[in-house]
Amino acid sequence: MSACKRLLYVVKHRSLWAQVRRNVTTWSPVGAAFNAKPHRRLDLFEKNADFIKVAHPDPAFREAAEKTCVDIGTVVEKLNTNVELCKSLKNLLDNPNIVAQLDPDTRRVAELFMFDFEISGIHLDDKLRKEAVGLHVKLLDLNNEFLVGSHMPNRIARSAIPEHLHLHFASEGSFIQVGGLHADSPDDLVREIAYRIYLYPNADLMNCLEELLKCRHKLAKLVGYESYGHRALKGTMAKTPGQCISLTANDFKMMRDMKKKLNPHSEYLLYLFLCSGLSSALYRYNIEPSLYSPYFSLGACMEGLNNLFSQLYGVSLMSEHPSAGEVWSEDVRKLAVVHETEGLLGYIYCDFFHRSDKPHQDCHFTIRGGRWCQETSQYQLPVVVLMLSLPHPSKSAPTLLTPGMMENLFHEMGHAMHSMLGRTRYQHVTGTRCSTDFAEVPSILMEYFATDYRVISQFARHYETGQPLPESMVARLCESKKVCGAADTQLQIFYAVLDQIYHSKPHNRSTTDILKDMQQKFYGLPYTPNTAWQLRFSHLIGYGAKYYSYLMSRAVASMVWKQCFVQDPLNRDMGERYRREMLAHGGAKEPMLMVEGMLQRRPTIEDFVDALVSELNPNFETFIMDSES
């Protein structure tokens, strides 16, 4: 984008921002845009409305998108077992003269395509290849069935719940709908009701999961792997299930040792340390979210992100009005991501607010990947969607976030900036389309920024008075998060181990029986009868046998934070290095090489374990005793 065009772009957006009504405080344009109420649009659902099976409010659109995903997936699996295509690619990669002429991105993508051929069973005879394709197609259906079912609410008769609690849940005639765990609720009874009803077993979904795991194992064995875990981990940083178990087992041992050092005077505190609503429980025990929320209006948080990206990368978030039919709900916001010298980098659609038909899971979707277009000699700009489930603004206040919501927002925006700042030649490896155990690094790193006092102090201010969050409250929040982060790591260990066990050799027992054993061994809390938490474990689809990726990514993010940002989280030189060495490449570069480039050393599995262990050593006992006093 030329200097003239950049100037016109900024002028255009300034005139748009001038139309946004300010509150008592003076917000930046992006902050004001997210604190303003949405204007009602009458032409939302024209035929060119573009979104997908999860977020669109029209069931017909969702159903059509689901069918399209399965159809495309079927075509891809047939291509992955096309012998002639594989032979052509193999001939290319076996020719050193041709390979020497390939640029790094092209060679990497060619190697990834060959990898896809190999794990899909290209080496099998015709009969077995057809069987492999059939299993792939069956898995596409099972994956979709489980994913949809895992987000469906459960319901119970209104008469079964105390009347004064009805307002906490959605109503459906004579029934109450429970669509989540309500972990942030300060009411113990609300959380218990939500836990028992939302996690109540569904027989059809249970059968779907059992069949899905059997099909995955059968496919893995058919194409030559010991288990689905071995197949899924090929090409990742961990490489094998053994490395995953090593990472989680060492982490668990250190966590257990740390708990033994706790002052045993309070069993309640130990329970909090282990309970499934752990982060929220510790937040509630030490800080009251309602005291913090007025300082974390959605507009303030978006302003904080804008300031952070501006200082680290020279990037600004600019609010745009979407065109007629461009968005799928009237409260979706559109952001242009603009670099101070490079111009427009891409677009982020922010689908942030709760809808009754939206999943209660924060997600990042790539709508269009970035790539170099030879036909136009221009870069195709990436387009992504961030989906949250935040409360709507009220008549008297904008949307106010709890500390946990604010951290989730920063996490998902880390994914978005991975997509925006990536500059790869091919869509196949753009942004978050990389090794699973690297994909979470940018989002988890953003959690460190979200809980750093120097970052928080830049944007946390009261939505009415404009007063900054008091320093004592900032310090309390950051210290509380350190403890919650240590506790959350144990939760991730449990998830990761359960995922690995599910995808190892077949077990002659139910997924619930396995859950009971793993929960007792790696989490310490007894199983609650008549619950099936695994049926809400939707990560079994996108992260099947790879949930350990959150631990691996947290280890990498911890090393990057402590080595590059902890001294100065707003350091532009480090921001540019981070973009150059890690964000720019997507999946076009080996993940370990990107980590090595950023840290300027090659970490070992022991380094990853040490990094996670270092997260587990805040002065927990002192913090808790101080809270009690």
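Which residue of β10 is the bridge partner of Y349? In β10, that partner is V385. The structure is a predicted model; local features need pLDDT of at least 70, side-chain atom pairs count only at pLDDT 80 or more, and totals for chains, interfaces and linings use all residues. Residues are numbered from 1 along each chain as its sequence is written, and side-chain values use heavy atoms, with hydrogens and water left out. The chain has 629 residues, and 55% of them count as buried. Buried means under 20% relative accessible area, exposed means over 50%, and partly exposed lies in between (1.4 Å probe, protein chains only).

**Overall fold and confidence**

- The secondary structure comes to 27 helices and 10 strands. Helices (H or I, at least four residues) and strands (E, at least two) are DSSP runs, numbered from the N terminus.
- Among contacts between residues at least 6 apart in sequence, 73% join residues at least 24 apart. A contact means heavy atoms within 4.5 Å.
- The mean pLDDT of the chain is 85, and 84% of its residues reach 70 or more. pLDDT is the predictor's confidence in each residue, from 0 to 100.
- Over residues 1-24 the pLDDT is below 50, and this stretch has 34 contacts in the model beyond near neighbours in sequence.
- Residues 40-48 also have pLDDT below 50, with 19 contacts beyond near neighbours in sequence.
- Where pLDDT is low, the predicted coordinates should not be read in detail.

**Strands around β6**

- β6 is mostly covered: 11 of its 11 residues are buried.
- β5 and β6 pair in the antiparallel sense over 7 bridges. Two strands pair if DSSP finds at least two bridges between them.
- A hairpin of 3 residues joins β5 to β6.
- K334 stands opposite Y349 in β6.
- β6 also pairs with strand β10 (residues 383-390), in the parallel sense and over 6 bridges.
- Y349 has V385 as its bridge partner in β10.
- In a regular strand the side chains alternate between the two faces of the sheet.

**Salt bridges**

- The whole structure holds 27 salt bridges. A salt bridge is a side-chain nitrogen of Lys or Arg within 4 Å of a carboxyl oxygen of Asp or Glu.
- R579 and E342 form a salt bridge through their side chains, at 3.0 Å from N to O. This pair links distant parts of the chain, 237 residues apart. R579 sits in helix α24 (residues 572-581), while E342 sits in the loop between β5 (333-339) and β6 (343-353).
- R579 is buried, with a relative accessible area of 9%. E342 is partly exposed, at 39%.
- E581 forms a salt bridge with R580, and their closest N and O atoms are 3.9 Å apart. E581 is buried, at 17% relative accessible area. R580 is partly exposed, at 47%.
- R602 and E596 meet in a salt bridge at 3.1 Å, N to O. E596 counts as partly exposed, at 29% relative accessibility.

**A buried arginine without a salt bridge**

- R216 lies in helix α9 (residues 203-222).
- R216 is buried yet has no salt bridge. D499, the nearest side chain of opposite charge, is 5.9 Å away. Lys and Arg count as positive and Asp and Glu as negative; His and the chain ends are not counted.
- Leaving aside neighbours within four places in sequence, R216 is in contact with L139, N143, Y228, H503, L540, I541 and G544.

**Helix α25**

- Helix α25 (residues 591-599) has 7 of its 9 residues buried, so it is largely enclosed by the rest of the structure.
- The buried residues of α25 are P591, M592, M594, V595, G597, M598 and L599.
- These buried residues pack against α6 (104-119), α17 (436-439), α23 (549-565), α24 and α26 (605-615).
- Just after α25, Q600 takes a positive phi of about 60°.

**Cysteines**

- A search of the whole structure finds 0 disulfides. A disulfide is a pair of cysteine sulfur atoms within 2.5 Å.
- C301 counts as buried, at 0% relative accessibility.
- C350 counts as buried, at 0% relative accessibility.
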